[in-house]
Amino acid sequence: MIRPAKISEIKDLLDIAKACALKMEANGIYQWNEHYPSKNAFLNDLKREELYVKIYQEQLIGAIVISTHMDAEYIPIQWLTPNGNSTYIHRVCIHPDYQGLGFAQEMMDFAEEFSRTNGFKSVRLDTFSQNKRNQRFYEQRGYQRLGDIFFPKQSEHPFHCYELVL
């Protein structure tokens, strides 16, 4: 089940994000750190009603943000569709104990169907240039890589921007 998150789940989400960061670091991927994702980011997502959680066997195992807000970092990208009618995916995480079981696919299916049902023209996201697994994941779903942006507090390496036209 995927449903809107609750304020009482923020601590669990931070624990999941930390576990994901440690797993990525163990694989040489320094994508998430003490700056990201932050408690304030999740609280802001919750306030905007854009934070969803994945529940499996009555346990919170992951999250996804489906936003309509375009971050300033995305402005230079030459998107496939005009700005103003897209959703933006952020902070996709599945606890490492549950990775590889199709739950991230399920959350992306949910996000894409949410976007389609609500009349959006595309889904946009970014993923770390050093995370080849994520790049394959999105490309296999039909996302097109369009350009790079930087988040200096996270890494000196770029993040690739992707878009799926619905």
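These legends describe close-up views of a predicted model.

**View A. Strand E5 (residues 122-128) is covered on both faces.** In a regular strand the side chains alternate between the two faces of the sheet. Here Ser122, Arg124, Asp126 and Phe128 lie on one side of E5, with Val123, Leu125 and Thr127 on the other, and all are buried. With seven of its seven residues buried, E5 is therefore largely enclosed by the rest of the structure.

**View B. E5 pairs with strand E4 (residues 86-94) and with strand E7 (residues 159-165).** E4 and E5 run parallel and are joined by four bridges; Thr87 stands opposite Val123 in E5. Between E4 and E5 the chain passes through helix H3 (residues 103-117), making a right-handed β-α-β crossover. The pairing of E5 with E7 is antiparallel and spans seven bridges, and Arg124 faces Glu163 in E7.

**View C. A salt bridge links Arg141 and Glu112.** The closest N and O atoms are 2.8 Å apart. Arg141 sits in the loop between helix H4 (132-140) and strand E6 (144-149), and Glu112 in helix H3, so the pair ties together parts that are 29 residues apart in sequence. Arg141 is buried at 15% relative accessible area, as is Glu112 at 8%. Shared partners join Asp109, Glu112 and Arg141 into one salt-bridge network.

View D. Lys11 is exposed, with a relative accessible area of 58%, whereas Asp15 is partly exposed at 40%.

Key
Residues are numbered from 1 along each chain as its sequence is written. This is a predicted model: local features need pLDDT of at least 70, side-chain atom pairs count only at pLDDT 80 or more; totals for chains, interfaces and linings use all residues. Side-chain values use heavy atoms; hydrogens and water are left out. Buried means under 20% relative accessible area, exposed over 50%, partly exposed in between (1.4 Å probe, protein chains only). Helices (H or I, at least four residues) and strands (E, at least two) are DSSP runs, numbered from the N terminus. Two strands pair if DSSP finds at least two bridges between them. A crossover is right-handed if, with the strands pointing away from the viewer, the path from the first strand over the helix to the second runs clockwise. A salt bridge is a side-chain nitrogen of Lys or Arg within 4 Å of a carboxyl oxygen of Asp or Glu.
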